[in-house]
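Please read them with the sequence and the structure at hand.

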Amino acid sequence: MKKFLLVTALLSSSASAWAHDHHGANGGRVQDAGAYHVELVSKSEKVDLYISDANQKPIAATGFKAIGVFVVNGKAQRIALEPAGSARLSGTASDALSAQPKGVVQLTSPDGKTVQAKFN
């Protein structure tokens, strides 16, 4: 029984490690958002979201928009993200964010479809 519990604990900790986000080309955390990969990079009040496909090839941000809802100083803060570069959406928070903010990004593609990415 103890051996079974130990194996179960090890497997569940390994599974949760696989579910964690990884770092992208811009130094941010990467999560899946539907068919896209999004990389979240924050520095002080600035928030950038880079969009790529399943092969990590950048996708033009033209026509995309996003809303990020992050925990800032213990409160939820909504940040609008607009195209600001070839494959980047950008926005500004009213207060400084941590280097790895927790929250959710809702991404709307040019065809109007909406997907989400969660950053823990």
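1. Helices (H or I, at least four residues) and strands (E, at least two) are taken as DSSP runs and numbered from the N terminus. On that basis the protein chain reads α-β-β-β-β-β-β-β-β-β along the sequence, with one helix and nine strands. The model is a predicted one.

2. The strands form an open sheet of nine, with antiparallel pairing, in the order β1-β2-β3-β4-β7-β6-β5-β8-β9. At its edges are β1 and β9, each of which pairs on one side only.

3. His23 has Arg29 of β2 opposite it. The loop between β1 (22-23) and β2 (29-33) contains Ala25.

4. Is Ala25 buried or exposed? Its relative accessible area is 84%, and exposed means over 50%, so Ala25 counts as exposed. The C-alpha atom of Ala25 is 9.0 Å from that of Gln56, although the two residues are 31 apart along the chain.

5. Which residues have the most contacts inside the largest nonpolar core? They are Leu49, Phe70, Leu81, Leu89 and Leu107, in a core of 21 residues. At least two core residues come from each of β3 (36-43), β4 (46-52), β5 (65-72), β6 (75-83), β8 (103-108) and β9 (114-119). In soluble globular proteins, nonpolar side chains tend to be buried together.

6. Leu49 deserves a separate entry. Leaving aside residues up to four places away in sequence, Leu49 touches Val38, Glu39, Leu40, Ala66, Leu81, Ala87, Arg88, Leu89, Val105 and Leu107. Two of these partners, Glu39 and Arg88, may be worth a look in the viewer.

7. The structure has one aromatic pair. Tyr36 and Phe64 make this pair, which is edge-to-face, with 5.4 Å centre to centre and 85 degrees between the planes. The pair links distant parts of the chain, 28 residues apart: Tyr36 lies in strand β3 and Phe64 in the loop between β4 and β5. Both Tyr36 and Phe64 are buried.

8. Some totals for the protein chain follow. Of its 120 residues, 34% are buried. Among contacts with a separation of 6 or more, 48% are between residues 24 or more positions apart. The accessible surface is about 7,500 Å², and carbon and sulfur atoms account for 56% of that surface.

Methods: Residues are numbered from 1 along each chain as its sequence is written. This is a predicted model: local features need pLDDT of at least 70, side-chain atom pairs count only at pLDDT 80 or more; totals for chains, interfaces and linings use all residues. Side-chain values use heavy atoms; hydrogens and water are left out. A nonpolar core is a set of buried Ala, Val, Leu, Ile, Met, Phe, Trp, Tyr and Cys residues joined through side-chain atoms within 4.5 Å. Buried means under 20% relative accessible area, exposed over 50%, partly exposed in between (1.4 Å probe, protein chains only). Contact means heavy atoms within 4.5 Å. Rings of Phe, Tyr and Trp (its six-membered ring) pair if their centres lie within 6.5 Å; planes under 30 degrees apart count as stacked, over 60 as edge-to-face and the rest as tilted. Two strands pair if DSSP finds at least two bridges between them. Accessible areas come from the Shrake-Rupley method with a 1.4 Å probe; for residues, only the protein chains shown count as cover.
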